[in-house]
Amino acid sequence: MVALGLLGTVLAGNVLSVRLALSMNEWNGRFFDALATVNRSVIIEELVYFTGLASLIILVLVFTDYLKSRLILKVRREFTSRLFDEWLSNESAHYRLRESGQEPDNPDQRLLEDSHALIALSLRLFLSFVESVLTIGTFTAILWSLSMPLTVGNFEIPGYMFWACVTYTLLGTLIAHWIGHPLKALNIEAQRKEADLRYSLIEKRRHADAIAGAHGEPIERINLNNQLNALIELLIIRLKKERDLSFFTVGMGQITHMTPMVLGLPGLLSGTFALGGLMQLRGAFVDVARSLSWFIVAYDDLARLAAVAARLDGLLIGLEKASEVSHGLQPSLKSSDAKHRSEQQALNVQSQIVLPDGKRSANLTVVMHHGDITLLKGPSGSGKSTALKVIAGFYRQYKGYVQKPQKTFWLPQTAYLLKGTLRANLCYPNPPNIVSTEALQNLCHLMALDHLTDRLDEANDWHRILSGGEAQRVMLIRACVTKPDLLLLDETTSALDAQTAQHLLQILQKQMPTCIVLMVTHQALELPSAQVIQLNTVSYKPVGGLDA
């Protein structure tokens with residue numbers, strides 16, 4: 001409702017601006033007529049009138065522009081928030097899209113920069129179009145009334161200045177399109193290369209230790225400069241196209257101011273209208289021509305709008321497909337499989353999993369009950385992490401079924417740490433206040449993170465501060481705070497020695513006695529209550545459709 005109110009106010013401001021422009025056009029006629037007759041009293045009177053009119057125009061224009069900017073920010077916030085909802089949907093569309101291999105380039109830029117550009121350009125173009133339509137409707141009558149008929153042979157063309165204006169702008173629009181149509185593709189490619197370069201810089205910062213350790217700075221500089229050079233070359237091509245378009249549009253703008261003077265001279269010389277009438281005719285012609293030339297003036301913005309709309313559309317289509325896929329990722333047991341059912345909230349998996357290379361498969365059979373812990377082992381690349389993805393609901397290439405508890409918590413190999421408070425990191429994805437300070441301090445003590453208990457409310461880049469082992473302990477505390485029914489751990493203790501890992505897993509079991517824990521590990525862990533499943537792969541031979 002607030003956005004609609006702002007839009008209505010801005011449109012009212014545009015209407016008032018056009019009405020004030022009409023008043024200024026009428027003032028031009030009176031003022032120049034007074035100048036032509038050297039009528040001092042009328043000249044002074046009109047100058048005073050101009051002062052008030054100009055002040056009102058300034059006030060309306062400034063406040064209308066301000067409200068237009070507020071409207072853009074309001075709509076941008078709502079639109080971008082909806083994009084965030086689509087991207088970070090409950091179905092994890094962002095992750096499914098990435099894993100599908102169909103993720104468009106630089107979704108972060110599309111979500112933030114492209115959404116901003118789409119809203120700003122759309123609203124500004126819409127409002128400028130409305131203003132142009134109002135201007136045409138207002139000034140066409142003046143242009144028509146001041147145009148003397150044009151006689152060609154036995155034909156008389158009434159309002160010839162209006163028709164000259166229409167022909168003039170239509171021809172200009174066709175030429176502008178012919179010059180500027182490559183800009184859409186150039187804008188799309190330039191945005192992609194800009195985002196790729198920015199992402200590369202982020203990656204260099206993220207992996208600074210690996211680059212420094214390998215002394216890889218020379219090759220990284222070469223790669224960055226190659227990306228920069230490719231971007232600059234493309235920007236130069238785009239700049240040349242914009243230059244060619246500007247030559248035409250700027251030149252046409254200058255010619256537009258003189259064209260009505262030339263076309264109106266016969267009427268002035270014949271005495272059809274006075275100097276004031278000629279100035280009114282000129283003003284009306286310029287305003288109508290500028291409004292009819294809206295497509296020419298807005299061409300570059302229209303090309304940018306088409307580019308960002310195409311990029312956002314590609315992302316939204318991908319997210320929609322990813323969300324549709326998610327509905328098939330929780331396979332339920334068929335009635336014929338009733339004999340395989342276990343108690344409610346237990347884990348029951350009997351599946352043939354096709355590995356990402358499409359050439360191998362792994363047979364996984366897991367039956368677990370409340371409080372069970374199972375270690376999933378096997379050679380590197382045998383599909384252990386893929387098996388966890390299947391159970392978590394993020395991998396579709398399998399035949400069989402998966403029955404699992406509703407509340408599942410999957411911890412992949414890479415620890416995810418937020419920029420923010422340590423408390424927020426420990427409680428993620430729950431609110432930071434979900435547990436008391438005493439409870440968090442106790443968990444830190446159990447996980448041997450006592451040195452961090454006085455830093456719970458410190459905001460920092462914890463990915464940079466914490467060691468690999470400390471980050472993994474933070475992940476285990478997250479699990480304890482969340483208290484899932486099923487916990488999937490993928491090498492979550494790999495940075496710890498085996499003895500420490502065993503101790504922490506035992507603590508985990510005590511903190512969540514009914515939780516089912518399935519853990520991928522290469523460590524030689526000795527947990528008396530744990531069963532061990534060895535996962536091996538064989539050549540994949542399709543025997544029927546895979547589960548969806």
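Helices (H or I, at least four residues) and strands (E, at least two) are DSSP runs, numbered from the N terminus. The model here is predicted, so local features need pLDDT of at least 70 and side-chain atom pairs pLDDT 80 or more, while totals for chains, interfaces and linings use all residues. Residues are numbered from 1 along each chain as its sequence is written, and side-chain values use heavy atoms, leaving out hydrogens and water.

**Tyr398**

- You can find Tyr398 in strand β6, which covers residues 398-403.
- Tyr398 has a relative accessible area of 1%, so it counts as buried (under 20%; exposed is over 50% and partly exposed is in between, with a 1.4 Å probe and protein chains only).
- Leu355 lies 43 residues from Tyr398 along the chain, and their C-alpha atoms are separated by 8.7 Å.

**Helix α12**

- Helix α12 (residues 384-392) has 7 of its 9 residues buried, so it is largely enclosed by the rest of the structure.
- Those buried residues are Lys384, Thr386, Ala387, Leu388, Val390, Ile391 and Ala392.
- Just after α12 comes Gly393, with a positive phi of about 100°.

**Helices α1 and α2**

- Helix α1 (residues 2-37) packs with helix α2 (residues 40-87) at an angle of about 160°, and their axes are 9 Å apart.
- Axes are lines fitted to C-alpha atoms, for helices over the stretch in contact, and angles run from 0 to 180 degrees between N-to-C directions.
- That angle makes α1 roughly antiparallel to α2 (over 145 degrees; under 35 is roughly parallel, 65 to 115 roughly perpendicular and the rest oblique).
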